[in-house]
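I opened my notebook to look up a ligand site and some charged pairs. Here is what I looked at.

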Amino acid sequence: MRFHVLGLGSIGTLISYHLRRSIRLRQQRGFLHTPGIDPIPPEITAGLPANAADTSVTLHLRREYVAQAFSGASVEHAGIHRPDNAIPQGPSIVEQAGYAKGPDAIDSLIVTTKADATVQAIAPLSKRLTPASTVVLLQNGMGVVDELIHTVFPDTASRPQIILGNLSHGCYSRGQFQTIHAGYGSMRLGLIPDPRGRAEYERRLQGRATSSLRVPDSDTTSRSNLSGLDLNAIPRDASHLTLRYTLASLLSLPLDVHWDPLESYQVGALRKLVVNACINPLTAIMDCQNGQLVGDPYAQQIWSEVCHEAAEVFLAAAQADMDGPSSARRMPEYSAKPLLDPSLTPSALFSAVRDVATKTRKNYSSMHSDVRGRGRTEIDYMNGYLVQLGKAFGVEVKTNEMLRRLVLSLGWGDKKATWQRRSQVREEEEQQER
Ligand SMILES: CC(C)(CO)C(=O)C(=O)O
């Protein structure tokens, strides 16, 4: 089984580290139990790749680094299709099953690139992905999956299986392969329906099905990482093996990972979208920490407008969905139910934003770091996504559009350099005060 990780920022490094570590523990000891961490439930262990010795992790790097530095993971450099042979990759499941067109097939691709860089990053690898491969999208914001389906995998016959995921773990990077896992959170996964419509993945375990659409709060520990779902519902045939192995492997990581029914996953993702649409642009525009927005009456007014606009868009999208599946304006991956969840009303959204900003008050948001570092942001997958929906469903989203333009404007002309200089001075002053 070949895992590949694309995007080695802080989240990519965190996932690669735990994936590699859990595979190595299974290779060495044949079982997976880290002292102090709950043992992996048997229903998840049963879904793991049968032979840990044949499982490999390959990291995709943009620049040249020494392969040996990655302790047990092989490395590929962007644009070079020949794998670095310093550490051999495991045999490919999709190749063995006759799906692959070449020897460099990818069984499972875990993507942690920034939302705005994802399609461009996956496109060169698409020939190595087969309909029996699995792609995991772990990103902030929304809209990447729609873009990917339309531009890279328009043909359902050849489209890989897709798992969506979002994380509330707080991580930051201290350089290549140095990630500080500063805040322990959770990771939620949802499965996009089978592209060929052959399998229904979400069989609920009797008596454990979740009755509500609500995603459990991140700080309430649910009884099972499977949220009432049954891994055995994923067929055991060759075309679904990588899906099953990928899901079980992610669920086995000590990162509080949960597989949710798609509708619950969507509620959580929509809520997180609005949280990001409120906090991220303001911290970037005002060059401040998340917590500095809490209690600021002007920021609160903007949050309230963003939440109202988002809730209105969700209602309009739900209405269009209920008007019939033929509606051209239907949200691509969503059904009406999640959009009508009570946690997506303006006041519930506003409380969620305030809670997250308070809990992460000392953080600089990812958009703040993006403006500071790479200059490009994920704004089009946050407020920009709400703006697109607003246009599609005829809802005015002026505040979201204004925030989007202001963030885009930060990267225009020499404003970026000015912003970065000012931010650096401020940070130096903060460090001196400490
Ligand atoms: C929740 C929040 C706002 C935490 O900083 C985040 O997800 C981000 O920075 O992108």
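I began with a cut-off: a residue is near a molecule if one of its heavy atoms lies within 4 Å of it. I also noted that this is a predicted model.

**Entry 1: the ligand**

Which residues are around the ligand? I listed N140, K272, N276, I279, N280, N290, V356, N363, S365 and S366. I sorted this shell by class and got two nonpolar, seven polar and one charged residues. Helix 7 gives the largest share of the shell, four residues.

Next I looked up distances from ligand oxygen atoms to side-chain N or O atoms. For K272 the distance is 3.5 Å. For N276 I read 3.1 Å. For S366 I read 2.5 Å. On its own, the ligand has 280 Å² of accessible area, and the protein covers 85% of it.

**Entry 2: salt bridges**

How many salt bridges does a search of the whole structure find? I noted 17.

I picked D370 and K114, a salt bridge with its closest N and O atoms 3.2 Å apart. This pair links distant parts of the chain, 256 residues apart. D370 sits in helix 11 (residues 366-372). K114 sits in the loop between strand 4 (108-111) and helix 4 (118-122). Are these two buried or exposed? D370 has 5% relative accessibility, so D370 counts as buried. K114 has 28%, so K114 counts as partly exposed.

Then I turned to D116 and R374, whose side chains meet in a salt bridge at 2.7 Å, N to O. This pair also links distant parts of the chain, 258 residues apart. D116 is in the loop between strand 4 and helix 4. R374 is in the loop between helix 11 and helix 12 (383-393). D116 is buried because its relative accessible area is 16%, and buried means under 20%. R374 counts as partly exposed at 32% relative accessibility.

My next pair was E401 and R404, a salt bridge at 3.1 Å between the closest N and O atoms. They are three residues apart in helix 13 (residues 398-410), so about one helical turn separates them. E401 counts as buried at 14% relative accessibility. I also noted one network, in which salt bridges that share partners join K114, D116, D370, R374 and R376.

**Entry 3: positive phi**

I looked up D256 and found phi near 50 degrees, a positive value in a residue other than glycine. D256 lies in the loop between helix 6 (241-251) and strand 10 (257-259).

For D287 phi is near 50 degrees. D287 is in the loop between helix 7 (262-286) and helix 8 (297-322). D287 counts as buried because its relative accessibility is 8%.

How values were computed:
Residues are numbered from 1 along each chain as its sequence is written. This is a predicted model: local features need pLDDT of at least 70, side-chain atom pairs count only at pLDDT 80 or more; totals for chains, interfaces and linings use all residues. Side-chain values use heavy atoms; hydrogens and water are left out. Helices (H or I, at least four residues) and strands (E, at least two) are DSSP runs, numbered from the N terminus. Buried means under 20% relative accessible area, exposed over 50%, partly exposed in between (1.4 Å probe, protein chains only). A polar contact is a pair of N or O atoms within 3.5 Å; within protein, one must be able to donate a hydrogen and the other to accept it, and residues adjacent in sequence count only if both atoms are side-chain atoms. Accessible areas come from the Shrake-Rupley method with a 1.4 Å probe; for residues, only the protein chains shown count as cover. Ala, Val, Leu, Ile, Met, Phe, Trp, Tyr, Cys and Pro count as nonpolar, Asp, Glu, Lys and Arg as charged, and the others, Gly among them, as polar. A salt bridge is a side-chain nitrogen of Lys or Arg within 4 Å of a carboxyl oxygen of Asp or Glu.
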